[in-house]
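Hello,

Here is the structure I promised to hand over. Please take a look, then read my notes below.

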Amino acid sequence: MLRKVLRIGLGSGLSNRGLRTRRGGFTLDWDAKMSEFKKKIECILPGKQWEELYDTSHLPPKQSDVVIVGGGILGLSVAFWLKKLESRRGAIRVLVVEQDHTYSRASSTGPSVGGIWQQFSVPENVQLSLFSVDFLRNINEHLAVVDAPLVDLRYNPSGCLLLASEKDAATLENNVKMQRQEGAKVCLISPEQLQNKFPWINTEGVALASYGMEDEGWFDAWSLLQGLRRKVQSMGVLLYQGEVTRFITSSGQMQTPSGEQVVLRRINEVHVKMDKSLEYQPVECAAVINAAGPWSGQVAELAGIGKGLPGTLQGTKLPVEPRKRYVHLWHCPQGPGLETPLVADISGVYFRREGLGSNYLGGYSPTEEEEPDPTNLEVDHDFFQNKVWPHLAQRVPSFKTLKVQRSWAGYYDYNTFDQNGVVGPHPLVVNMYFATGFSGHGLQHAPGIGRAVAEMVLDGQFNTIDMSPFLFTRFYLGEKLQAYNIL
Amino acid sequence: MSEPVTPDSSRKKRTLLQFLSDYFHDIHALREYLLRKQILKGNRKNRSFADIQEKYGPYVTGALFILKQGGAVKFQDKEWIRPNERGHFPTEFLEFRKVPVEAVDASGCAINYQGMSNLPVPLKELRFLSLQCCPNVDDWCLSRLYLLADSLQELSLAGCPQVSERGLACLHHLQNLRRLDISDLPAVSHPGLTQILVEEMLPHCEVLGTDWAQGLKLEPDQQPQNTPSPVSP
């Protein structure tokens with residue numbers, strides 16, 4: 001009775017200090033408490049994630065059928081084809097783990113020049129290029145997402161011109177013959193015809209040239225990457241940022257038909273570590289795709305590939321390592337005109353036009369001795385002065401007066417064995433598939449490679465393009481897939 | 001699964017299907033199906049006429065393809081053949097198996113890259129080609145025109161919404177071109193500069209381009225609204 005009177009009497013004073021509970025404690029900030037309470041109730045309701053202790057929405061799921069290590073162009077392409085070729089909707093759960101979501105540091109796709117050409121010496125590479133060109137041509141059919149803008153690749157169909165000296169002329173001729181057989185539209189040009197067609201070129205030292213008339217040129221890699229990201233997200237693929245730090249494997253002994261004992265390993269869990277923290281999520285998986293680009297060698301070592309006596313299959317490492325390459329953007333007002341193709345010179349220098357304002361992009365693949373240090377992405381400006389400019393000025397005299405605007409560096413996922421990619425499963429670690437090591441051609445072959453790996457995972461064999469020369473076993477057997485490449 | 005929300009959809013009034021597809025997976029699947037159907041509709045019109053080519057020869061095949069799309073054809077030394085409003089056309093050209101096709105007017109047709117294989121490959125003596133206001137002609141289609149390098153003398157690309165300066169760069173193969181019309185191309189970013197570069201590239205060709213006043217700044221009250229770039233998810 002007394003308490004009630006006190007409460008009414010001191011009503012106005014009490015409301016200033018907030019409510020009192022029966023036990024005498026204060027409950028200030030009633031609104032915040034209510035919203036927290038509502039959140040907790042929401043968690044219990046069906047359809048939401050029920051995590052008792054803390055919020056784990058930033059962590060990848062605990063289980064996934066396929067984990068793709070690396071979210072660059074190759075990883076996303078494999079994810080796309082896996083979802084496209086699955087037998088029914090929602091059959092495969094795919095998780096893509098990417099270390100660098102800005103694609104500036106660890107990825108090769110971001111800084112790439114974006115060229116596509118069919119002038120290779122290995123027939124499978126030509127077929128891959130033709131498949132990719134077909135894919136890119138119908139890109140808005142493949143990557144159509146409801147309510148999203150169309151993908152604008154900014155494709156320049158200007159072709160690719162490869163120059164060859166006396167000693168390489170015979171190889172070039174054979175290559176062109178093979179390319180034409182595969183269906184590429186490439187023709188051979190003599191130095192006189194070259195001078196007529198492109199008057200700005202200096203044909204000294206050029207014995208033969210091959211020029212792609214159609215389906216060659218360059219495009220915007222970034223828009224392809226973003227288009228793929230959008231499409232795979234709409235197909236249900238989960239994209240998370242994180243680093244793969246560990247594989248939990250289990251092994252078993254099997255006997256080959258000849259009676260030899262082999263230890264086969266299987267990856268059961270992938271530990272994905274979050275950025276800037278020690279938190280990690282173990283993801284149970286059925287297959288792992290190594291599409292980590294320049295870092296594929298390190299990822300392969302985590303799975304135990306290469307840990308064994310040198311010379312044995314267990315001891316064969318994945319020979320992919322990061323190699324730094326520079327790309328330079330320069331301005332030259334008197335330079336070649338609008339018809340300039342992607343020119344690859346005998347010396348190893350290549351360049352192409354960029355936009356309408358007399359800007360050109362180019363670079364140079366250094367020899368083994370001149371390799372820049374791959375631990376960072378710093379640009380060495382003397383490299384352009386000493387190695388690139390003399391060759392450019394010799395081939396195109398108007399480039400003597402060029403002025404460099406910008407340079408940047410990126411990594412090639414360089415295959416030290418034969419500079420061609422690795423595709424397919426590992427013979428001993430049975431559920432790791434490779435899609436890496438393309439040493440600068442990954443971008444242009446990405447649709448074809450993605451399809452090949454997806455077919456290998458889903459059907460167990462290559463259906464559209466036979467990529468068996470690209471399997472891992474060639475590193476052990478020593479069979480090089482040697483290609484005459486400049487870029 | 002979440003859909004990327006573009007600024008357009010938040011600005012314009014959302015349709016009933018768009019609203020429902022946020023809540024029901026079935027409606028979302030229906031919308032995806034409708035989108036796919038729309039894309040595939042274009043492909044049917046441009047299917048290959050290879051079987052007709054064997055029977056009637058290349059010139060008649062090309063002519064039939066163009067007439068079916070709604071364009072007009074002119075055989076050498078003959079009159080223009082055009083379909084009337086109903087889409088019917090006289091069929092006497094089926095007899096002209098050896099007569100080459102001289103001029104094709106494909107203005108406004110839904111021709112795309114697939115359809116281009118029916119055009120330049122068989123029609124080797126084509127002299128005049130008009131692709132005005134074709135909605136599906138893009139840079140990839142232009143890269144096929146090099147096959148007509150020996151014969152093509154007049155080309156018109158006016159008003160094609162998907163042709164950009166990158167596609168115009170591959171016209172340098174057409175060394176016999178005398179007249180080129182590249183006016184009114186909305187996808188070309190700098191029409192004046194592009195015209196100069198194309199004129200340098202094709203020195204013997206008369207290039208009809210943009211009106212020079214187009215490069216001048218508009219009055220402040222005539223400034224078009226700036227559309228924001230789409231947000232990436």
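A salt bridge here is a side-chain nitrogen of Lys or Arg within 4 Å of a carboxyl oxygen of Asp or Glu. Please keep in mind that this is a predicted model.

Salt bridges first. The whole structure has 22 of them over all chains. One joins the side chains of A:Arg137 and A:Asp215, at 3.2 Å from N to O. A:Arg137 sits in helix α5 of chain A, and A:Asp215 in the loop between β6 and β7. The two are 78 residues apart. Both are buried.

B:Asp105 meets B:Arg82 at 3.5 Å. B:Asp105 is in strand β3 and B:Arg82 in the loop between β2 and β3, so the pair ties together parts 23 residues apart in sequence. B:Asp105 is buried, with a relative accessible area of 16%. B:Arg82 is partly exposed, at 47%.

B:Arg179 and B:Glu154 form another salt bridge, at 3.7 Å. It links strand β6 to strand β5 of chain B. B:Glu154 is partly exposed, at 31% relative accessibility. B:Glu154 is also in contact with B:Leu129.

That brings in the core. The largest nonpolar core has 112 residues. B:Leu129 is among those with the most contacts inside it, as is A:Ile68.

Last, helix α7 of chain A. Its 14 residues should span 20 Å at 1.5 Å a residue, and the end C-alpha atoms are 20 Å apart, which agrees. Its buried residues include A:Leu172 and A:Val176. Helix α5 of chain A is one of the elements covering them. Just after α7, A:Gly183 takes a positive phi of about 115°.

Best wishes

Methods
Residues numbered from 1 in each chain as written. Chains lettered and ligands numbered in written order. Predicted model: local features only at pLDDT ≥ 70, side-chain atom pairs only at ≥ 80, totals over all residues. Heavy atoms only, no water. Core = buried A, V, L, I, M, F, W, Y, C linked by side-chain atoms within 4.5 Å. Buried < 20%, exposed > 50% of the residue type's maximum accessible area, 1.4 Å probe, protein only. Contact = heavy atoms within 4.5 Å. Helix = DSSP H or I, 4+ residues; strand = E, 2+ residues; numbered from the N terminus. Expected span 1.5 Å × (residues − 1). Lists of a residue's contacts leave out its neighbours within four places in sequence.
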